[in-house]
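Please walk me through this structure in the viewer. Tell me what to select at each stop and what to look for there.

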Amino acid sequence: MSNYVEMWKELGMDLETHDALCQVLPTAFGDMYLSQENRPEGMGFWDFVVSEIHGIRPSELIEAQKNGQKVFGTFCVYVPDEVVLAANGIVTGLCGGSQFWVPGGEKVLPKSTCPLIKASVGARLERTCPFFRIADMYVGETTCDGKKKAWEILGQDVPMHIMDMPQMKRPQDIEKWADEIKIFAKVVEDFTGNAITPEKLSEGIHVINERRKALKRVYDARKSKNIPISGKDALLMMQIAFFDDPVRCAEMANKLADELEQRNKDNVSVFPAGTKRILVTGTPMAIPNWKLHHLIETSGAAVVCEETCTGTRYFENLVDETKTTLEEQYAAIADRYMGINCACFTPNSGRVDDILRLAKEYDVDGVIDVNLKFCCLYDTEGYTVEKAMKDAGIPVLGIETDYTDEDAEQLRTRIEAFVEMLG
Ligand code: SF4
Ligand code: SF4
């Protein structure tokens with residue numbers, strides 16, 4: 001990594017502890033990623049981003065702040081990026097995906113909190129992630145109980161706005177979400193000092209739609225019988241999409257999609273013919289959580305799709321771009337975001353429909369339903385998901401795990417047995 005020490009110092013980071021993190025990441029990335037054969041050339045961009053993960057994008061964000069822009073840190077795919085863009089703000093995802101940050105979170109949260117929340121709180125309070133230091137405002141949401149309580153702790157350390165999420169998707173709930181987006185827009189306007197106009201919001205909607213379309217193109221290429229990219233590489237692209245510049249993200253994803261489409265024409269695959277195709281569904285996998293994908297792809301199978309927030313939930317469905325007044329635009333944004341099917345909603349039958357549809361579209365041999373330990377929402381919904389898969393004759397394996405490597409060998413045994421059972 002280039003020398004960013006001065007920048008980290010100015011951000012008030014704990015340099016000694018941060019050094020320890022910088023030392024483990026390259027080894028993990030080398031073992032899991034660079035050891036893969038025949039990777040698409042387009043992955044070079046994401047490899048570079050990882051090699052400079054705490055330097056290159058943070059320095060861009062700091063530069064933007066010097067030019068008067070505000071950075072908003074978000075934790076959930078329901079928070080509408082387009083509203084922030086419309087006020088010339090920048091969004092950066094802040095979900096923590098490393099065990100490194102979990103003990104810091106456990107100092108203030110119950111151990112029985114999901115690792116994603118513990119890692120996110122730990123990354124902020126222990127001062128070991130530049131993104132958590134740079135964000136001028138955090139935007140939380142009332143999705144799960146763990147997050148709701150975590151916002152109260154983080155809110156003591158950094159300006160925080162919380163969006164009140166509906167728990168159901170009746171027409172009145174969708175209307176309420178449109179109101180909540182309007183309230184968020186006012187907060188963003190006040191914080192940035194920039195008015196949101198219909199023209200500006202149209203631009204924001206367009207930019208984020210273009211990113212969605214580009215990411216979808218990469219996913220569409222994964223539907224081919226030929227497997228042009230590993231699940232691990234596709235996951236990396238998704239994880240970095242959360243904090244990259246959205247225009248550059250779309251450009252790089254489109255470039256990668258061009259290459260994958262060509263690979264499909266030329267029958268260039270990263271796995272031997274006949275490799276079993278897996279759909280992963282469940283809780284999000286924030287960077288650098290590559291554990292499950294690595295286990296699956298070193299156990300004789302390939303991940304061809306993720307029905308997760310670091311997968312299809314992030315880019316499926318577009319916001320209607322034909323609306324011309326702010327009222328109509330907020331309603332259109334609410335409609336699109338309420339099409340995401342997270343386990344925090346009840347009922348959430350749309351998620352089962354999504355998994356069944358995706359299993360067909362991506363021609364999968366089996367589904368692995370993953371739950372982050374202590375996420376009772378996805379854990380409970382696992383019953384419905386797994387029953388629906390069995391009813392549809394789709395082999396399914398339910399897994400619960402965390403960010404540690406303690407269960408890796410046990411998981412490997414179960415995954416290998418599952419893949420073998422697929423024939
Ligand atoms: S799983 Fe639910 S709460 Fe978590 S990021 Fe996705 S939509 Fe948000
Ligand atoms: S994985 Fe579950 S418990 Fe963790 S933040 Fe997401 S919804 Fe909440």
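**Stop 1: two cis peptides**

Select P347, which sits in the loop between α16 (326–337) and α17. The model is predicted, so treat each stop as computed geometry. The peptide bond from T346 to P347 is cis, with omega near -10 degrees.

Now go to the I287–P288 bond. This peptide bond is also cis, with omega about 0 degrees. P288 belongs to the loop between β5 and α14 (291–297).

**Stop 2: the sheet**

Show the strands β6, β5, β7 and β8. In that order they form an open sheet of four strands, with parallel pairing. Which strands stand at the edges? They are β6 (301–307) and β8 (396–401); each has a single partner strand, so one side of each is left without a neighbour in the sheet. On average, neighbouring strands are turned by 30 degrees against each other, direction ignored.

Select helix α17, residues 349–361. This helix packs on the sheet and touches β5 (276–282), β6 and β7. The direction of α17 makes about 140 degrees with that of β6.

Next, look at the pairings. Strand β7 (residues 366–372) is joined to β8 by six bridges, and the two run parallel. Pick N371: the bridge partner in β8 is E400. Six bridges also join β5 to β6, again in parallel. There, T281 stands opposite E307 of β6.

**Stop 3: strand β5**

Is β5 buried or exposed? Seven of the seven residues of β5 are buried, so the strand is largely enclosed by the rest of the structure. Colour the two faces separately. In a regular strand the side chains alternate between the two faces of the sheet. One side of β5 carries K276, I278, V280 and G282. The other carries R277, L279 and T281. Both faces are covered.

**Stop 4: ligand 1**

The residues around ligand 1 are C76, V77, Y78, T143, C144, P284, C309, I340, C342 and C344. By class, this shell has nine nonpolar residues, one polar and no charged.

**Stop 5: ligand 2**

Move to ligand 2, which has 13 residues around it. Which come nearest? Select C114, L116, C144, T283 and C375. Now display helices α7 (115–125), α9 (145–154) and α18 (376–391): each supplies at least two residues of the ligand 2 shell. The class count for ligand 2 is nine nonpolar, three polar and one charged.

**Stop 6: a helix pair**

Select α11 (residues 198–221) and α12 (residues 231–241). Their axes come within 11 Å and cross at roughly 170 degrees. Angles over 145 degrees count as roughly antiparallel, and α11 and α12 are therefore roughly antiparallel to each other. On α11, the contact is made by R211, L215 and V218. On α12, pick A234, M237, M238 and A241. These contact residues divide into six nonpolar, no polar and one charged.

**Stop 7: two positive phi values**

Finish in the loops. N38 lies between α2 (15–34) and α3 (43–51). This residue has a positive phi of about 60 degrees although it is not a glycine. N38 is exposed, with 12 other C-beta atoms within 10 Å.

Last, select D363, in the loop between α17 and β7. Phi of D363 is near 50 degrees, a positive value in a residue other than glycine. D363 counts as partly exposed, with 13 C-beta neighbours inside 10 Å.

Key. Residues are numbered from 1 along each chain as its sequence is written. Chains are lettered from A and ligands numbered from 1 in the order in which they are written. This is a predicted model: local features need pLDDT of at least 70, side-chain atom pairs count only at pLDDT 80 or more; totals for chains, interfaces and linings use all residues. A residue is near a molecule or strand if its C-beta atom, placed from the backbone, lies within 6 Å of it. Ala, Val, Leu, Ile, Met, Phe, Trp, Tyr, Cys and Pro count as nonpolar, Asp, Glu, Lys and Arg as charged, and the others, Gly among them, as polar. Two strands pair if DSSP finds at least two bridges between them. Axes are lines fitted to C-alpha atoms, for helices over the stretch in contact, and angles run from 0 to 180 degrees between N-to-C directions. Two residues are in contact if their C-beta atoms, placed from the backbone, lie within 7 Å. Angles under 35 degrees count as roughly parallel, over 145 as roughly antiparallel, 65 to 115 as roughly perpendicular and the rest as oblique. A residue is buried if 20 or more other C-beta atoms lie within 10 Å of its own, exposed if 12 or fewer, and partly exposed in between; C-beta atoms are placed from the backbone.
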